[in-house]
Amino acid sequence: MRTFKIFFNTIRSMSFKKIMRLFSLILPHPIFSLLSFYATVKAFTIAQKKFPETASNNGIGNAFRHALWCCFILMYCSKVSSPEKALNFCKRITDMHEELFPNKPLETKMDLHNNKIGMDYFMELLPGIHRQFFEKSFFIDGLEKKMKDAKVLKNLDDDFEGFLVYLNE
C-alpha cells in the first residue's frame, strides 16, 4: 500500500507536460511499463533492506539500487521480448526518470552512470545464461561484489568506467 501511495504522490507532483512525456513512453509499451514498475518496487525494497541508511540518498546503497533497478527491468522485460528491445526500453525509461525528476548535476551523473553499470552487467551475463532462467539473486550477489570496488564521485570530470559510483555525503 505504501508503494502505491508513493507512486500516486509522485505522479500528482508532476506537471502536465511531464505526465504527457511519461505517457508517450509507457503507453506504446504497456507490458514493459508494468514490468518496469514491478522492477522498481523490487529494487527499491531490496536496497532499503540491505542499505537502510544510504539507499534513498546519494550513498553506496543508492548506487546499488540504481544498478539493480536496471538489471531487474532488463531481466523482466527480456522474459517477454528480446534483450535488445528490453535494453532500449530500459535506457529510455531510466534516462527519462532522470529528466522528469532532475537532481543536481553530480547526482544525475552518478545515477546515469550506475544505471549503465546495471545494464552493462546484465548484458555481460546474458551470453552465459538463457534469459528465461535469470534470477534476482544473480544480480544482487554480483552487484554486492562490485560495491567493494565502488568509487566516490567528486566532480563531473571523474570517469570511473566499469565501477559503481556514489557521493560521499
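Ring pairs join Tyr-121, Phe-122, Phe-134, Phe-138 and Phe-139 into a cluster; rings of Phe, Tyr and Trp (its six-membered ring) are taken to pair if their centres lie within 6.5 Å, with planes under 30 degrees apart counted as stacked, over 60 as edge-to-face and the rest as tilted. The model is predicted: local features need pLDDT of at least 70 and side-chain atom pairs count only at pLDDT 80 or more, while totals for chains, interfaces and linings use all residues. Residues are numbered from 1 along each chain as its sequence is written, and side-chain values use heavy atoms, with hydrogens and water left out.

The structure contains nine aromatic pairs. In one of them, the ring centres of Phe-32 and Phe-89 are 5.3 Å apart and the planes meet at 55°, so this pair is tilted. Phe-32 belongs to helix H3 (residues 30-50) and Phe-89 to helix H5 (residues 83-100), so that distant parts of the chain, 57 residues apart, are linked; helices (H or I, at least four residues) and strands (E, at least two) are DSSP runs numbered from the N terminus. Both Phe-32 and Phe-89 are buried, where buried means under 20% relative accessible area, exposed over 50% and partly exposed in between (1.4 Å probe, protein chains only).

A tilted pair is also formed by Phe-122 and Phe-134, at 4.8 Å centre to centre and 35° between the planes. Phe-122 lies in helix H6 (residues 105-125), and Phe-134 in the loop between H6 and helix H7 (136-147), twelve residues apart. The relative accessible area is 0% for Phe-122, which is buried, and 4% for Phe-134, also buried.

Five salt bridges are present, a salt bridge being a side-chain nitrogen of Lys or Arg within 4 Å of a carboxyl oxygen of Asp or Glu. Arg-21 and Glu-99 form one of these, with the closest N and O atoms 2.8 Å apart. This bridge connects helix H2 (residues 16-26), which holds Arg-21, to helix H5, which holds Glu-99, across 78 residues. Arg-21 is partly exposed at 35% relative accessibility, as is Glu-99 at 46%.

Within helix H6, Asp-120 and Lys-116 lie four residues apart, about one turn of the helix, and their side chains form a salt bridge (2.7 Å, N to O). Lys-116 also bridges to Glu-161, with the closest N and O atoms 4.0 Å apart. Glu-161 lies in the loop between strand E1 (151-152) and strand E2 (165-166), so this pair ties together parts 45 residues apart in sequence. Glu-161 is exposed, with a relative accessible area of 54%. Shared partners join Lys-116, Asp-120 and Glu-161 into one salt-bridge network.
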